[in-house]
Each structure stands twice: as structure tokens, then as C-alpha cells.
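Here is a short briefing to read alongside the model. Have the sequence and the 3D view open as you go through the points.

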Amino acid sequence: MPVLRRHSRWLTLLCSAAWLMTIIIMLELSGVDAAVGVHGSIQADMDGEDDNYGEYDDEASDELDEEEKLVLEQQHLEIAAQQEEHAETMLKNFIADACAMLEHGSDGAKERAAASVAQMAKETIVTQPFHPLTFRNAVVEAGMIPHLVKLLEATSTTAAKAHALGALALIATDDPTTDSDNGNGLAVCVAGGAQGVAQLLAHADEHVQVGAADCAAILAEIPQCQSMLTQHGAEEKLVLLASFGNDLARARAIAALELLSLNNPAIRDSINAVGGQKVLDGIFKYGNEAMRSAAASLAQGLASDDAVAIAVDAKAHARQAHETRMKHSRLLDQATGVRRAVAPGAEGR
């Protein structure tokens with residue numbers, strides 16, 4: 001898959017100065033078009049001058065023969081190839097610098113590195129300087145996940161934890177249109193992310209709580225991660241968060257609980273055992289409309305008496321998980337205006 005999106009207007013150049021991870025240069029992808037526009041402006045001036053010197057042969061100047069068209073097309077391709085090569089180099093440098101800071105930097109440097117990774121992961125979705133898959137897979141291949149997971153430990157600063165959770169959630173987000181990123185979420189869990197996320201669900205800081213619930217929801221889309229999260233008591237912490245967290249944390253916790261119990265009656269029973277249904281009863285009684293809507297399908301699932309796991313293949317489970325994620329993303333957007341990351345073009349699916 002190409003690194004650059006042909007219709008993106010900007011290519012973000014990633015630069016680092018010493019130990020600062022700051023994105024400071026934007027390279028215009030439409031440079032060729034801009035050049036053509038400048039050429040057109042100059043040509044217009046020349047046309048005006050030609051009115052003073054005699055008749056201008058419009059037909060001869062405007063029409064390009066086939067050979068000239070081929071030359072122009074080749075120039076476009078060469079420029080695009082150069083930009084793509086430059087982008088690949090800058091991306092590799094950015095990731096290498098970030099890994100170095102996450103491993104060897106001071107507390108402040110680690111915070112900035114994690115924040116930069118999270119921000120770039122968001123930028124690939126919003127402005128798409130790189131395709132999101134390109135960035136996520138490059139980060140995984142470079143071995144950054146263990147460094148981000150380590151920031152979830154107690155010795156890290158609160159800010160570092162929050163940034164790392166944001167970065168891990170975006171890196172683990174599955175694009176349903178391709179299988180090339182299917183292992184990213186599992187890689188986070190295997191590296192210790194499931195344990196770290198589960199523990200941070202009970203953190204005192206509200207930003208960390210929201211980030212942990214969001215990350216738990218993304219990881220819970222994966223059956224293997226469902227089991228890893230519950231091994232560390234994620235369901236009980238999510239139920240508590242859905243009871244006593246702020247509105248954003250509660251909404252994220254409800255989404256995580258529904259994804260955690262998706263096609264998994266054993267986890268559904270575990271959620272009920274720690275008071276999940278009682279919490280939902282309270283939400284239906286006292287919660288606002290958006291919160292009640294978010295809790296509706298979870299309540300239906302918890303009330304089911306199916307004792308056997310639903311037999312679905314991996315693709316069907318992934319499709320159901322994606323639909324559940326998108327449903328909660330829309331509900332959250334309606335309630336707060338905060339949107340969850342989605343694959344390009346998947347907003348309506």
C-alpha cells in the first residue's frame with residue numbers, strides 16, 4: 001500500500017531536534033499543481049503584454065503534442081516518487097527517534113515522545129499525511145509497542161501514562177478493510193498492554209481512566225485479548241468506572257464492557273457477577289438519553305441466558321466488533337462531540 005495518499009494536500013515531514021519530538025515541517029503534496037498555477041499566472045501576464053506587440057497565437061501555445069504530454073506525466077510521476085521516498089525516510093527517522101526517547105529519555109522526554117506518537121497516529125486519520133496502516137504497521141515493526149507499554153507501569157508519570165494509552169489505542173485500532181493490521185492489537189496485549197490497561201482503569205486521574213477504558217474497548221475486540229483483560233480483573237474495574245466515573249469515562253466503560261462480552265458468555269456472566277446489570281439498571285433510571293442508548297445493547301446481552309459461546313469465525317467476530325465500536329463512536333459523538341478514530345471511508349459503515 002503506498003505511503004502517500006494521492007489526493008492528500010499535505011505531506012507531514014517529521015523532524016526531531018535533539019530530544020524534542022516536534023513536527024515542524026509540512027511539505028505540500030500538490031507542489032506540481034502549484035507550479036502549474038504559477039506558470040498559468042506568469043502566462044497570463046505574458047498574454048497581456050503580447051496584446052501590445054501583436055497577435056498572439058493561442059492555438060499554438062495552448063495545445064501540447066503527445067510527446068510533451070508524456071514528458072509532463074513522467075515529471076509528475078518522478079516528483080511523486082521522490083516525495084514518497086522522502087516520506088518513508090522521515091517516517092523511519094521519526095519512529096527511531098521516538099523509540100530512543102521512550103527507552104532512554106528523561107521523564108519529560110518520554111512524555112513528549114509518547115504524545116508525538118499519539119498525535120501522529122491521529123494525524124494519519126484526520127489529514128492523512130500517511131495512510132493510517134502505514135504508520136501503525138511501521139510503529140509495530142520498529143518495536144515501539146513494548147516501550148509504550150512500559151509507560152503504563154507505576155513508575156511512569158501520569159502524563160506519560162495518558163499519552164501512551166492514547167498511542168496504544170490508535171495503534172491497535174483495526175481497519176476492517178484489510179487484514180494487514182490484524183495482529184497489532186494482539187501485539188499490544190502480548191507485550192503486557194492488557195495487564196497495564198486493566199490496572200489503569202482504577203487510576204486516580206480521570207484522563208488516565210478515560211484513556212484506559214478507550215484502550216480496553218479497542219483491545220477487547222480481539223478474542224485473545226478479552227481473556228487477557230479479564231485475567232487482570234478488567235470487567236470489575238470497568239463496572240466500577242461505569243458507576244462512578246465521569247460521563248466520558250462511563251461511556252467508554254460501557255463500550256468496553258459490551259466488546260469484552262461480545263460472543264463470550266463466560267465474560268458476560270463474570271460482568272453480571274460483579275454487578276454489571278445493577279449498574280445498567282441505574283443508568284436506565286438516572287442516565288441521560290445518550291447514556292441509556294449506549295447501555296441498551298449491553299443490557300440486552302447481559303440479560304441473555306445463552307450458556308454456550310456463539311460460534312462465529314474470526315471475520316464475523318471482527319465485523320461485529322467493528323459495528324459495535326462504530327455504534328458507540330456515533331453515540332459518543334452525539335453526546336459529547338468527541339469522535340473515536342475510524343478507518344478512512346468507514347464513517348458510514
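Buried residues (under 20% relative accessible area with a 1.4 Å probe, protein chains only) make up 44% of the 349 residues in the protein chain. This is a predicted model, in which local features need pLDDT of at least 70 and side-chain atom pairs count only at pLDDT 80 or more, while totals for chains, interfaces and linings use all residues. Residues are numbered from 1 along each chain as its sequence is written, and side-chain values use heavy atoms, with hydrogens and water left out.

**Overall make-up**
- The protein chain has 16 helices and two strands, taken as DSSP runs (H or I, at least four residues, for helices; E, at least two, for strands) and numbered from the N terminus.
- Its accessible surface comes to about 17700 Å², with 53% belonging to carbon and sulfur atoms; the areas come from the Shrake-Rupley method with a 1.4 Å probe.
- Of the contacts (heavy atoms within 4.5 Å) with a separation of 6 or more, 69% are accounted for by residues 24 or more positions apart.

**Helices α12 and α15**
- Helix α12 (residues 247-260) packs with helix α15 (residues 289-303) at an angle of about 15 degrees, their axes 9 Å apart; axes are lines fitted to C-alpha atoms over the stretch in contact, and angles run from 0 to 180 degrees between N-to-C directions.
- That makes α12 roughly parallel to α15 (angles under 35 degrees).
- On the α12 side the contact is made by D247, R250, A251, I254, L257 and E258, and on the α15 side by M291, A294, A295, S297 and L298.
- By class, this contact of α12 with α15 has seven nonpolar, one polar and three charged residues; Ala, Val, Leu, Ile, Met, Phe, Trp, Tyr, Cys and Pro count as nonpolar, Asp, Glu, Lys and Arg as charged, and the others, Gly among them, as polar.

**Helices α4 and α5**
- The axes of α4 (residues 107-126) and α5 (residues 132-141) come within 8 Å and cross at roughly 150 degrees.
- α4 and α5 are therefore roughly antiparallel to each other (angles over 145 degrees).
- V117, M120, A121, T124 and I125 of α4 meet P132, F135 and R136 of α5 in this contact.

**Two loop residues**
- N263 sits in the loop between α12 and α13 (265-273) and has a positive phi of about 55 degrees although it is not a glycine.
- At 15% relative accessibility, N263 counts as buried.
- P176 lies in the loop between α7 (158-172) and α8 (184-200).
- P176 is partly exposed at 38% relative accessible area (between the 20% limit for buried and the 50% limit for exposed).

How values were computed. Angles under 35 degrees count as roughly parallel, over 145 as roughly antiparallel, 65 to 115 as roughly perpendicular and the rest as oblique.
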